[in-house]
Each structure stands twice: as C-alpha cells, then as structure tokens.
Amino acid sequence: MPKAIKGNSGRKPPDPSANHSDIDDWCAHLMPDLQPIVKRLDESIRATLPGLDYTVHRKRAYYGLPELGWIIEIAAYDVSVNVLFLGGADFKSPPKLGTADRTRYVKVTSFEEAQRPELQQWIEQAGRTPGWK
C-alpha cells in the first residue's frame, strides 16, 4: 500500500470547490511572464481530467478528483512554475524532482515546456493515482 500523503503543510487538505473562478483570480495576480504558462497548464489539466474540484490554498492552485483527493498542485515562483503531482512517485515513469513522501514535480519555465508530451502523460496518470486526502 502506498505511503499516505501528508500534504505540503502537514495539515488538513483544503476544501474543494467545483467553481474554477478561484484559479482564474489567482492566475490574474501572477507575474505576467508566468500567466501564459499557468493558463496552458490549467487548460491541459481541465481538458484531460473531467469532473475536477479546484481551490487556491496558500497561494497555490490545487486540482482534485472526489475519489482520489488533491492530485495536482501548481506553484508559481519568480521564473518558473512547479507542477506537483501529489501521487507522482507511483507513476510509471515519475518526474525526477522531489523526494518527500509520494510527491514528485517538474519545473516549467516556458510555454513550450508546458506542452511537453511527458507532462501530458503525468497529468493523465495523476487522474488514476490517489493524491492528498
């Protein structure tokens, strides 16, 4: 049985919402250079995984599925966007970054990187892998 995810804060996971507007508001306040990257990632996640729940917690966007918990987290920094897969260690070929619990992540620094095939594959795998509950 996979190790349980404690989440980034070690606290209770945030409450989900079916309303995507919180993510839109969060994205509008990011650095202008990162907004196209985040919007592309958001579009890809929503197109790949129907029935998502959303929230913004501690300045990070979360995507989840009712039966799996929070499965993807997006954190925007000054020059990159980190896409965290909260069950990523269980993927067939997981992202190389991250060693805490089951979380693995990838840094995205350009719009082109946000369209990489392996990133799409990880999003698909996230839709089948338990995350942070």
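In what order do the five strands form an open sheet, and is the pairing parallel or antiparallel? The order is S1-S2-S3-S4-S5, and the pairing is antiparallel, two strands being paired if DSSP finds at least two bridges between them. This is a predicted model, in which local features need pLDDT of at least 70 and side-chain atom pairs count only at pLDDT 80 or more, while totals for chains, interfaces and linings use all residues. Residues are numbered from 1 along each chain as its sequence is written, and side-chain values use heavy atoms, with hydrogens and water left out.

**Overall architecture**

- The protein chain contains three helices and five strands, taken as DSSP runs (helices: H or I, at least four residues; strands: E, at least two) numbered from the N terminus.
- Read from the N terminus on, the elements follow the pattern α-α-β-β-β-β-β-α.
- A compact globule of 133 residues would have a radius of gyration near 14 Å, and the 13 Å of the protein chain agrees with this; the value is taken over C-alpha atoms, and the globule rule is 2.2 Å times the number of residues to the power 0.38.
- Along the principal axes, the C-alpha atoms fill a box of roughly 40 × 30 × 25 Å.
- Of the 133 residues, 46% count as buried, that is, under 20% relative accessible area with a 1.4 Å probe and protein chains only.
- Among contacts (heavy atoms within 4.5 Å) with a separation of 6 or more, 57% come from residues 24 or more positions apart.

- The edge strands, S1 (53–57) and S5, each pair on one side only.
- From one strand to the next, the twist averages 20 degrees, where axes are lines fitted to C-alpha atoms, for helices over the stretch in contact, and angles run from 0 to 180 degrees between N-to-C directions.
- S1 and S2 run antiparallel and are joined by five bridges; they form a hairpin with two residues between them, and Arg 58 in the turn has a positive phi of about 55 degrees.
- His 57 stands opposite Arg 60 in S2.
- Five bridges also link S4 and S5 in the antiparallel sense, and the bridge partner of Val 81 in S5 is Val 108.
- Ser 80, in the loop between S3 and S4, counts as buried because its relative accessibility is 5%; its contacts include Lys 107, Val 108 and Thr 109.

**Helix packing**

- The 14 residues of H2 should span 20 Å at 1.5 Å a residue, and its end C-alpha atoms are 20 Å apart, which agrees; the expected span is 1.5 Å times one less than the number of residues.
- Buried residues of H2 include Ile 37, Val 38, Leu 41 and Ile 45, together with Asp 42 and Ser 44.
- The buried residues of H2 pack against H1, S2, S3, S4, S5 and H3.
- H3 lies across S3, S4 and S5, at about 40 degrees to S4.

- Ile 72 touches residues including Ile 45, Tyr 63, Phe 85 and Ile 123, not counting residues up to four places away in sequence.

How values were computed:
Buried means under 20% relative accessible area, exposed over 50%, partly exposed in between (1.4 Å probe, protein chains only).
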